[in-house]
Amino acid sequence: MTFLLLLVLPVYGQTLQVPDAQQFVGNPQGTPLAGDQLYRRTGEVSALLRCPVCQGLSVADSPSEMAVNMKRQVRELLARGYTEEQILRYFELSYGQFVLLKPKFEGVNALVWVFPVAALLIGVLIVFTKIRKLSTDNRQPTTDNPVDNPDDEYLRRVRDMVGGGKA
Amino acid sequence: MIPSLGRILILASLLVAAAGSLLGFVTGRTLSADGLKWARRFAYFYAALIILATLVMEYALLTHDFSVSYVAQVGSRLVPTWVTVVSLWSSLEGSILFWGFVLGSYILIATLFTKDRYQEYMPDAIGTWLGCATFFSFLIAGPANPFRTMSPIPADGPGPNPLLQNHLLMAIHPPFLYLGYVGMTIPFGFACAALIKGRLGHAILKPLRESLLLPWCFQSIAIMLGGWWAYEVLGWGGYWAWDPVENASLLPWLTATGALHSLLVVERRGILKGWTVTLVQSTFLLVLLGTFMTRSGVFNSVHSFTQSAIGPTILVFLAAMLIYTIALLALRIDKLEAEGRIESTASREAFFLLNNLVFVLLTFTVLIGTCFPLIVEAVRGKQMSVGRPYFDRMVVPLGTALLFLMGVGPALPWGRASKEQIRKSLLMPIITAGIFAVVGYIANVRHPWTLITIALGGYAIHVTFNQMFVPMIQRLRKGESAVTAFVEGQLLRGRRRFGSYVVHAAMIVVLVAIAVSSSMRQTAEVHLTKGQTQKVAGYDLTFTGIEDHQEPHRVSTIARFILARNGKQLAILEPRMNQYETMREPIGSPDVYTTIAGDFYVSIAALDPVSNSVAVNVYVTPMVGWIWIAVIVMGLGGVMALIPPRTPRAATANVGDSVAAETA
Amino acid sequence: MNRTVVIVGSLIAFALVGVLFIGLGKNPAEIRSPLVGRPAPAFALREVGTGRTIDIAQFRGKPVIINFWATWCGPCWEEHPTLVANARQLGDNVQFVGVVFQDAEEKIQGFLNQRGTAYPTLVDQEGKTAIAYGVGGVPETYFLDRNGVIRAKYVGPMDSEILRANLTKATN
C-alpha cells in the first residue's frame with residue numbers, strides 16, 4: 001500500500017505552481033500598497049506597459065482579456081510590495097523591450113530621448129544666428145504697405161475701378 | 001457593365017492627368033498663352049473624369065451591384081443607407097478613389113479661381129498638381145483597383161468594418177481628413193512653381209496663403225474629429241494615444257501651421273521666403289508619408305488598413321517627390337531673395353521665428369518618436385516601443401512654449417518697439433494670468449504644471465482679445481456706435497485679422513482644456529448588480545438592468561444606468577456591447593453624459609446576464625467637451641479669415657481702415 | 001546650388017526612405033521573444049480531464065514542445081491535427097504539452113473529446129504562465145531542449161515542416 005502511495009504521490013502530491021515574479025526579479029523591494037493608492041498606482045504602472053495583442057494601446061486602456069490579466073498581475077505585484085522598476089523589468093524579461101511604452105534610457109534607445117533635445121539646442125542656435133544675420137544685413141526695412149508691384153492685387157483693383165484694364 | 005465603365009473613366013483620367021502635367025511643365029518653359037489655356041482644360045477634364053468615376057462607384061454601392069469588386073468587399077444589404085454611402089471610403093481601394101475625387105475637386109476649384117491671373121506661375125503649378133493626380137489615378141487603375149469584375153457575382157457582402165459602423169462620426173471624420181490632406185497638394189503646386197521660376201513675388205502670396213489655409217481648417221477639424229471619435233467609440237476614455245496613424249494626421253498640420261505664420265513674415269517683411277517654401281513642401285511630403293504610414297502595414301496601429309501592395313508604390317512616389325523637392329530647393333532656394341530685415345529681437349517677427357522653431361521641433365519629435373521603433377529594428381534587429389508616456393513627456397513642454405509665444409508674440413509690435421511700449425503691453429496681461437490661476441486653484445486644480453498652463457492661458461487670452469478688437473476700438477474712438485464698430489470693423493473689413501485672432505483664442509482654449517482634462521481626470525472601476533447604486537466622484541450611479549436589442553446586422557446588449565446627483569436625476573446612460581455577425585468578439589460602445597463642466601463616461605468592462613451584474617469603467621473628465629467646440633470655432637475662424645474682402649466699390653470708402661485691418 | 005539643402009535633404013531622404021523600405025519587409029505583429037536561450041519558467045498546472053497536476057520539470061531529459069492555445073482561436077483549430085500527428089509520430093522522444101488560458105474548461109474538454117489528443121493539455125487559469133512566457137496571442141509554441149532551456153519560439157499556426165525545423169533547434 002505504501003509502495004503504491006509512493007508511486008502515486010509524486011504525481012498527485014504536486015502542488016499547483018505558476019511562474020512567479022520572484023523568480024525573475026527577486027523579492028519585493030518596496031512597500032505593499034492597498035486601497036485607493038493601490039488602484040491609482042495600478043493605473044499608473046499599467047499605463048507604462050503595452051498590451052501585446054492590441055495595436056499600441058497600454059495595458060491600462062485596453063479592454064482585451066490579455067491586458068486584463070496583465071493588469072491583474074500588476075495589481076497583485078504592487079500589493080505584494082514590488083516597485084515599479086521591478087514590475088516593468090518582470091514584463092520586459094518575458095516580452096522584451098517591446099512591452100515598455102516608455103523607451104529605456106540605455107543603448108540605442110537613449111537616442112530617442114536625446115535627439116529632440118539636441119534638435120532644440122541646434123534650433124535655438126540657428127534661430128538666434130538668423131535673427132542676428134537678418135538684423136545686421138544692410139537692407140532697408142520694408143514699410144507697412146504692400147510693396148508696389150505690377151501684379152499687386154490691391155493696385156489692380158484700383159486700376160480696374162479707374163478703368164485701367166489688366167495689369 | 002459598371003466595372004468596365006469605372007475602369008475606362010479611371011484610365012482616361014490617368015492619361016489626361018499625365019498629358020496635362022506634361023503640357024503644364026512644357027508651357028512653363030515656352031510661356032505660351034495657348035499652352036496655359038490647354039493645360040487648364042486638361043485640369044478641368046481630369047477633374048470631371050475622376051469625379052464621374054467616383055459617382056459611378058457610389059451608384060454601384062447604393063444599388064448593391066455586387067459585380068463590382070469593391071462593392072462585394074464592403075457592401076451589404078443589411079446595413080443602413082448612410083453606412084452604404086460612407087462605405088465608399090471605409091476600405092483601402094475605395095479610399096484611394098475618394099482621394100482622387102477630392103483631388104479632382106480641389107484642382108477644379110484652384111484652376112477656376114486662378115483664371116487669367118498669376119500667369120507666371122500657373123503652368124508649373126498645374127504641371128505639379130496633375131503630376132500628383134497622375135500618380136493617384138495610377139494607383140486606382142493598378143494596385144488599388146476597386147472596379148474589378150466579380151465572377152461569380154455574390155448575392156450579398158459583409159459590409160464595412162463594424163468598428164466603423166458604431167458611430168455617425170465615422171461618416172464625417174474621413175471626408176474632413178481628406179479635405180485637409182489632399183488639399184495640401186494645391187499650395188505644394190504653388191510653392192514648386194515659385195521655386196521653378198526662382199521668384200516668390202508678392203502676388204503669389206495670396207493664393208499660396210488661401211490654398212494653405214482652407215485645407216488647414218479642414219485638417220484641424222479632422223484631427224479633432226478623430227480624437228472625438230476615439231473618445232466616444234473606443235471605450236478607453238481618452239482621445240489621443242499617439243498612435244502612428246494619429247501622428248500621421250498631426251504632422252502635416254504642424255508644418256502647415258508653421259508655414260501660415262512664416263508666410264505672414266514674408267508678406268510683411270519679405271524675408272524667410274525659402275524657409276516658407278520649404279515648410280509648404282514639407283507639409284505635402286508629410287501628407288504622403290502619412291498616407292504611407294496608414295496604408296502600408298508597416299506601423300502597428302489601431303487604425304491602419306491591412307498590408308497591401310500599395311505600400312511600396314506609395315513609398316516610391318514619396319521618394320520621387322523627396323528628390324523633386326530637394327532638387328528644386330537646392331537649385332533655386334538662393335534665388336528667393338530676402339527683401340527686408342529684422343530690427344530687434346523683441347519684435348513680432350522674431351517671435352514668429354520662435355513660433356516656427358517650436359512647430360518644427362514638434363514635428364521632429366513626433367516624427368522621430370513614431371519612426372524610432374522602425375529605425376531600431378532596421379539597425380539592431382530588436383523590437384522596442386515608443387508610446388504615450390514618451391510623447392506626453394516631450395510634447396507638453398513644447399505645447400506650453402506655444403502658449404507662452406501666443407501670449408507674448410501678438411503683444412509685440414512689428415519692427416522695433418520702445419521699452420515703454422513693451423513694458424505696457426507685457427505687464428497688463430499678468431493680472432489676467434493671476435486671476436485665471438486663482439480661479440483654477442479654487443476649482444481644485446492643484447497640479448503645478450496645470451496651474452501654470454492656466455495662468456499662461458489667461459495671459460494669452462488677454463493679449464489675444466486686446467489685439468482682436470483693435471479695429472473696433474479704433475472706430476469706437478472715432479465716435480461710431482458699438483454695433484457699427486463691430487460689424488464694420490470686425491466682420492466686414494477686418495475679417496482676416498479677426499478670424500486669425502479667433503483661431504488663436506480657440507487654440508488657447510484647446511491647450512488649457514487638454515491640460516485640465518488630462519490632469520484632473522478621475523477614474524473608477526465599478527461593480528454593480530441590478531438595482532445597486534454606487535457613489536462615484538460625487539455622482540450616484542444606479543444599475544437598472546441588462547437588455548438585448550436586435551438589429552439586422554448586429555445584436556446589442558445594453559446595460560442601463562441612471563446617473564443622479566444630489567437626488568436629482570441627470571441622465572440615463574446606456575453603454576453597450578455590440579456583437580456583429582462578422583466579428584468574433586463583441587465591440588463595446590461607451591455612453592457619455594456631457595456638460596460644460598465635464599463628462600461622465602461609462603464603458604462596459606464585463607457583463608453577466610445570468611447574475612444580472614456588470615463591471616464598468618467610469619471616467620469623469622472635466623472640460624473635455626471644450627476641446628471639440630474650440631476646434632470647431634478654430635476652423636470657423638480660419639474660414640472667416642479666408643473670405644475675401646468686399647468689392648472694390650465699397651473698398652474706396654474707407655481705404656486706410658481696410659489696410660489697417662488686413663495687415664494683422 | 002545650395003549645399004546645405006543637398007546635405008540635409010539627402011540625409012533625411014535616405015534615412016526616411018531606407019527605414020521605411022526595410023520596415024516593409026517586416027511584420028509588426030510578430031514579437032520576438034527574449035526568452036530564447038534562457039531556462040523556461042517553471043510551472044505545474046492542472047490537466048484537463050484527469051485533474052492531475054503536471055510539472056514540466058518532470059520532462060527534463062527530453063525535448064519539450066509547449067503549445068499555448070485556446071478553443072476560440074481559429075488558427076489553433078487548423079494547427080491541432082499537426083500537433084497530434086507529430087506527437088504520435090515522435091512518441092516518447094519528444095514531450096508535447098498544451099497550455100490553454102482565457103478559456104472555459106468545458107469548452108476545452110469538448111474540443112479534445114471531439115478532435116482527439118495525444119498529450120496533456122493544462123489549464124492556466126489566470127494567464128500568469130502565459131505572461132511569464134511572454135505570450136501575446138494564440139497560438140504560440142515554445143521549443144525546450146533536454147535541459148529545459150528555450151531554444152525557439154514560433155508565433156502562429158505551424159505545419160509539420162515548421163514544427164520539425166524549430167524542433168531541430170532544440171535537439172541539437
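**Figure 1. The disulfide of Cys73(C) and Cys76(C) is right-handed, because the torsion about its S-S bond is about 90°.** The model is predicted, so local features are given only at pLDDT of at least 70 and side-chain atom pairs only at pLDDT 80 or more, while totals for chains, interfaces and linings use all residues. Residues are numbered from 1 along each chain as its sequence is written, chains are lettered from A and ligands numbered from 1 in the order in which they are written, and side-chain values use heavy atoms, with hydrogens and water left out. A disulfide is a covalent bond between the sulfur atoms of two cysteines; here the term is applied to a pair of cysteine sulfur atoms within 2.5 Å. In this pair, the S to S distance is 2.0 Å. Over all chains, the count comes to one disulfide. Cys73(C) and Cys76(C) are both buried (buried means under 20% relative accessible area, exposed over 50%, and partly exposed in between, with a 1.4 Å probe and protein chains only).

**Figure 2. Cys192(B) has its closest cysteine sulfur in Cys132(B).** The two sulfur atoms are 7.9 Å apart, which is too far for a bond. Cys192(B) is buried, at 0% relative accessibility. Cys217(B) sits in helix H9 of chain B (helices, H or I of at least four residues, and strands, E of at least two, are DSSP runs numbered from the N terminus). From Cys217(B) to Thr134(B) there are 83 residues in sequence and 26 Å in space, C-alpha to C-alpha.

**Figure 3. A salt bridge links Asp61(A) to Arg388(B).** Their side chains come to 3.5 Å, N to O. This pair crosses between chains: Asp61(A) lies in the loop between helix H3 (35–46) and helix H4 (65–80) of chain A, and Arg388(B) lies in helix H14 (residues 388–408) of chain B. Side chains of opposite charge can pair when their charged atoms come close. The term salt bridge is used for a side-chain nitrogen of Lys or Arg within 4 Å of a carboxyl oxygen of Asp or Glu. Asp61(A) counts as buried, at 13% relative accessibility, whereas Arg388(B) counts as partly exposed, at 31%. The whole structure holds 29 salt bridges over all chains.

**Figure 4. Arg72(A) and Glu126(C) form a salt bridge, 3.9 Å from N to O.** This pair also crosses between chains, from helix H4 of chain A, which holds Arg72(A), to the loop between strand E5 (121–123) and helix H4 (128–132) of chain C, which holds Glu126(C). Arg72(A) is partly exposed, with a relative accessible area of 34%. Glu126(C) is partly exposed as well, at 37% relative accessibility.

**Figure 5. Lys37(B) forms a salt bridge with Asp34(B).** The closest N and O atoms are 3.7 Å apart. Both residues belong to helix H2 (residues 33–62) of chain B, where they are three residues apart, about one turn of the helix. An α-helix has 3.6 residues a turn, so residues three or four places apart point the same way. Lys37(B) is partly exposed, with a relative accessible area of 41%. Elsewhere, salt bridges that share partners join Asp20(A), Arg72(A), Glu76(A), Arg80(A), Glu126(C) and Lys128(C) into one network.

**Figure 6. The largest cavity contains about 670 Å³ of space.** Lining it are 31 residues, of which His261(B), Leu264(B), Phe352(B), Ser500(B) and His504(B) are the closest to its centre. Among the elements of chain B that give two or more residues to the lining are helix H9 (202–233), helix H13 (348–380) and helix H19 (495–519). H10(B) gives the most, with seven residues. A cavity is a set of points on a 1 Å grid over the protein atoms alone where a 1.4 Å probe fits but cannot get out, and lining residues have an atom within 4 Å of a point. Grid points are joined across faces, edges and corners, and a volume is the space filled by probe spheres set on the points. Counted this way, there are five cavities of 30 Å³ or more.

**Figure 7. Helix H5 (residues 92–113) of chain B has 22 residues.** From its first C-alpha to its last H5(B) reaches 32 Å, close to the 32 Å expected at 1.5 Å a residue (the expected span is 1.5 Å times one less than the number of residues). H5(B) is mostly covered, with 17 of its 22 residues buried.

Conventions. On a 1 Å grid over the protein atoms alone, a cavity is a set of points where a 1.4 Å probe fits but cannot get out, and a pocket is an open set with protein on both sides within 12 Å along at least five of seven lines; lining residues have an atom within 4 Å of a point.
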